Amino acid sequence: MIDRFEQAVAERVGARHVVAVSSGTAGLHLCVRLAGLGPGGEAITSPFSFVASANCILYQGATPIFADIDPQTLNLDPAAVEAAITPRTRAIVAVDIFGYPCELEPLRELAARHGLALIEDACEALGAEYRGRLLGSFDHPAVFAFYPNKQVTTGEGGAIAVASEEEWRLLKSLSNQGRADSGGWLEHARLGYNYRLDDLSAAVGVAQLEKLDLLLSLRSQVAARYAELLAAIDGAETPLADDADHRRSWFVYPVRLAPEIDRERVIARLAERGVATSRYLPSIHLQPYMRERFGYGEGMLPVSEEASRRMLALPFFPELSAEDQEYVVEELRAAVR
Ligand SMILES: Cc1ncc(COP(=O)(O)O)c(C=O)c1O
């Protein structure tokens, strides 16, 4: 089932090779390891992400350097990335946050010019496209994740899309305790990990991928309905629309509240009315363990911090009914007044 799952993911993301792994986090860690990051090295990444995109750098004993994001796309601002490059920089870990493709072309150009590895955290972006090409089909590694909140799930699970058979072989070995194709079960060519996806999860993944088109289209419909309903509400800005370069794969539905709105009050009011929301996402550099270790504080990355203060994720899943969405938006209207 692993072979079938890897093949199915490869077809769906237009990748030449895919390695199934036990989680998106495991996939990111292997890519950082593949890029040769280690103690003394730095990788530039986004502060506006789930912690795994920075943790994978720490796992290798390297230092995550956060560059600020673009206020519209909420993805890494290439100019900020360039400004953060030092002689110790080895890689860029770019995130497609909320399923919206990051600025791949300028980032690829930057990486090439400075001799850096580019790793794409596409964990939230299965099925998204940049300049008409599926994420996962470029020549840098891209990582997808299949936790139950993702577009498709394997329970826990992830996949790495790579362009060369050599990378595929090495990643397969690293995910499988460092075993090599040529050796036996108890022969280990290198230090590896148990980051394998299991057969049962792969079987679920194969069945889930058969429904990918349906799931993505249901998610788009739910998002379009929210956009229509929210158009009439002041103070809750809807997510950035697609354009010629970016085609989003809908993952969550975060609105941006106007600065004068008290988000905590809105969350509490909605909770009273049975509407669950989430402060999505906190900036990684302000997480307690990051502050402690690196001395980071407020004011360092103003665009990310502002987004962290104002974004609010609304209930979002493929079967969300129009009636429930109307209820959510009516309650939001009352809460932001
Ligand atoms: C942006 C991002 N990166 C990495 C991950 C890690 O994936 P996983 O939970 O499968 O380890 C996630 C999902 O949780 C994510 O949203």
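Two strands are taken to pair if DSSP finds at least two bridges between them. Helices (H or I, at least four residues) and strands (E, at least two) are DSSP runs, numbered from the N terminus. The model is predicted, so that local features need pLDDT of at least 70 and side-chain atom pairs count only at pLDDT 80 or more, while totals for chains, interfaces and linings use all residues. Residues are numbered from 1 along each chain as its sequence is written, and side-chain values use heavy atoms, with hydrogens and water left out.

An open sheet is formed by 3 strands in the order β7-β6-β11, with antiparallel pairing. Its edge strands are β7 (133-134) and β11 (246-247), each of which pairs on one side only. Strand β6 (residues 129-130) is joined to β7 over 2 bridges in the antiparallel sense, and Y130 stands opposite R133 of β7. The side chains of E129 and R247 also meet in a salt bridge (3.3 Å, N to O), a salt bridge being a side-chain nitrogen of Lys or Arg within 4 Å of a carboxyl oxygen of Asp or Glu. Because E129 belongs to β6 and R247 to β11, this pair ties together parts that are 118 residues apart in sequence.

Strand β9 (residues 158-162) has 5 of its 5 residues buried and is therefore largely enclosed by the rest of the structure; buried means under 20% relative accessible area, exposed over 50%, and partly exposed in between (1.4 Å probe, protein chains only). G158, I160 and V162 point one way from β9, and A159 and A161 point the other way. Strand β1 (residues 17-21) pairs with β9 in the antiparallel sense over 5 bridges, A159 being the bridge partner of A20. Strand β8 (residues 142-145) and β9 are likewise antiparallel, over 4 bridges, and here I160 is the bridge partner of V143.

Parallel pairing is found between strand β2 (residues 42-45) and strand β3 (residues 63-66), over 4 bridges. The bridge partner of T45 in β3 is F66. Together with helix α3 (residues 52-59), β2 and β3 make a right-handed β-α-β unit (with the strands pointing away from the viewer, the path from the first strand over the helix to the second runs clockwise).

E103 lies in the loop between β4 (89-95) and α5 (104-114). E103 counts as buried because its relative accessibility is 16%. It has no salt bridge, and the nearest side chain of opposite charge, R131, is 5.7 Å away (Lys and Arg count as positive and Asp and Glu as negative; His and the chain ends are not counted). A polar contact of 2.9 Å joins the side chains of E103 and H246, where a polar contact is a pair of N or O atoms within 3.5 Å; within protein, one must be able to donate a hydrogen and the other to accept it, and residues adjacent in sequence count only if both atoms are side-chain atoms.

The count of salt bridges comes to 18. In one of them, K172 and E6 have their closest N and O atoms 2.6 Å apart. K172 lies in helix α6 (residues 165-175) and E6 in helix α1 (residues 2-13), so the pair ties together parts that are 166 residues apart in sequence. K172 counts as partly exposed at 22% relative accessibility, whereas E6 is buried at 6%.
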